[in-house]
Amino acid sequence: MPLSADQQAEIDAARAEAQTTLRATAPGMEKHLYHAAPVLDHGFVRVVDYMGDDNAICQAARVSYGRGTKSVSNDEGLIRYLMRHWHSTPFEMCEIKLHVKLPVFVARQWIRHRTANVNEYSARYSILDREFYIPAPDSLAAQSATNNQGRGEALEGPEAQRVLDWLREDATRAYDHYEAMISTDGQQGLARELARMNLPANIYTQWYWKTDLHNLLHFLRLRADAHAQYEIRVYAEAIGEMVRDWVPFAYKAFEDYRMGGATLSAGALDCIRRMLKGEEVTQENSGMSKGEWREFQGVIQIG
């Protein structure tokens with residue numbers, strides 16, 4: 001069960017207690033409060049609290065830039081201008097706090113985004129639950145032949161089943177030994193802070209993660225990308241749906257300029273200009289490496 005009985009009771013109690021506030025609220029985000037969006041087999045993401053909305057972004061921008069924003073006639077246009085020209089500070093006026101339950105190996109990727117405040121469940125003080133991430137069969141894949149940090153074709157038949165069996169057996173065995181080591185039944189029992197070292201990386205942990213919208217969008221740009229590892233991508237996608245409801249103007253601009261847009265080098269732009277003039281441009285005369293040329297072709301969708 002993603003949420004424990006105690007966690008669900010706490011959420012239900014908070015939801016039942018009506019709050020009055022004079023601060024700005026975002027109706028789209030209000031509906032996500034106190035709801036845990038399931039992710040993977042035992043994980044979830046839920047919004048604990050948030051601050052600001054699209055209007056807060058515009059308010060901050062107009063204070064910062066004054067007359068420079070007079071030519072922008074509406075809030076959506078201003079937000080798109082800010083996103084287009086990489087003006088990040090106004091987006092930092094919005095913040096969000098999330099409660100996330102995730103496998104440890106996903107948490108170790110996630111924590112690389114250092115511009116956030118994090119408080120994680122402590123296995124020094126508490127006993128971790130017997131919950132492990134076991135991939136769905138269609139998520140098992142071989143090593144990619146072209147990407148050293150990615151997946152290739154899906155595993156099939158006996159090999160896939162063997163891998164799944166090993167994952168379950170190894171995780172179960174490690175947890176059995178963990179419980180046996182910390183037990184005080186007829187023995188002193190090993191300290192929890194030491195016993196945890198034997199637990200596998202697919203065991204679930206939990207944390208509170210607070211960040212501002214600018215850094216959250218950077219996280220989403222990298223982790224919701226099709227090239228990101230599946231197990232962290234599904235968390236990013238779940239968060240993205242929440243952000244879409246929270247700041248719809250900002251999220252649409254983000255989709256257009258960051259997720260759906262592309263950054264081209266000076267050399268790539270020169271190649272496009274040459275193509276528009278009718279010149280035949282190849283990798284050999286482009287000045288690009290094979291890797292750059294392959295990515296360039298992926299952006300312009302020709303060749």
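Which residues lie nearest the centre of the largest pocket? They are N147, D225, H227, A228 and E295, out of 38 lining residues. A pocket here is an open set of points on a 1 Å grid over the protein atoms alone, where a 1.4 Å probe fits, with protein on both sides within 12 Å along at least five of seven lines; lining residues have an atom within 4 Å of a point. The model is predicted, so local features need pLDDT of at least 70 and side-chain atom pairs pLDDT 80 or more, while totals for chains, interfaces and linings use all residues. Numbering runs from 1 along each chain as its sequence is written, and side-chain values use heavy atoms, with hydrogens and water left out.

The largest pocket comes out at about 1,600 Å³, a volume being the space filled by probe spheres set on grid points joined across faces, edges and corners. Helix 13 (290-300) gives the largest share of the lining, five residues; helices are DSSP runs of H or I, at least four residues, numbered from the N terminus.

As for salt bridges (a Lys or Arg side-chain nitrogen within 4 Å of an Asp or Glu carboxyl oxygen), the whole structure has 18. One of them pairs D256 with R80 at 2.8 Å, N to O. This pair links helix 10 to helix 4, 176 residues apart, and K252 joins R80 and D256 in a network. D256 is partly exposed at 30% relative accessibility, and so is R80 at 22%. E279 and R274 also pair up, at 2.9 Å; R274 is buried at 15% (buried is under 20% relative accessible area, exposed over 50%, partly exposed in between, with a 1.4 Å probe and protein chains only).

Technical notes
Helices (H or I, at least four residues) and strands (E, at least two) are DSSP runs, numbered from the N terminus.
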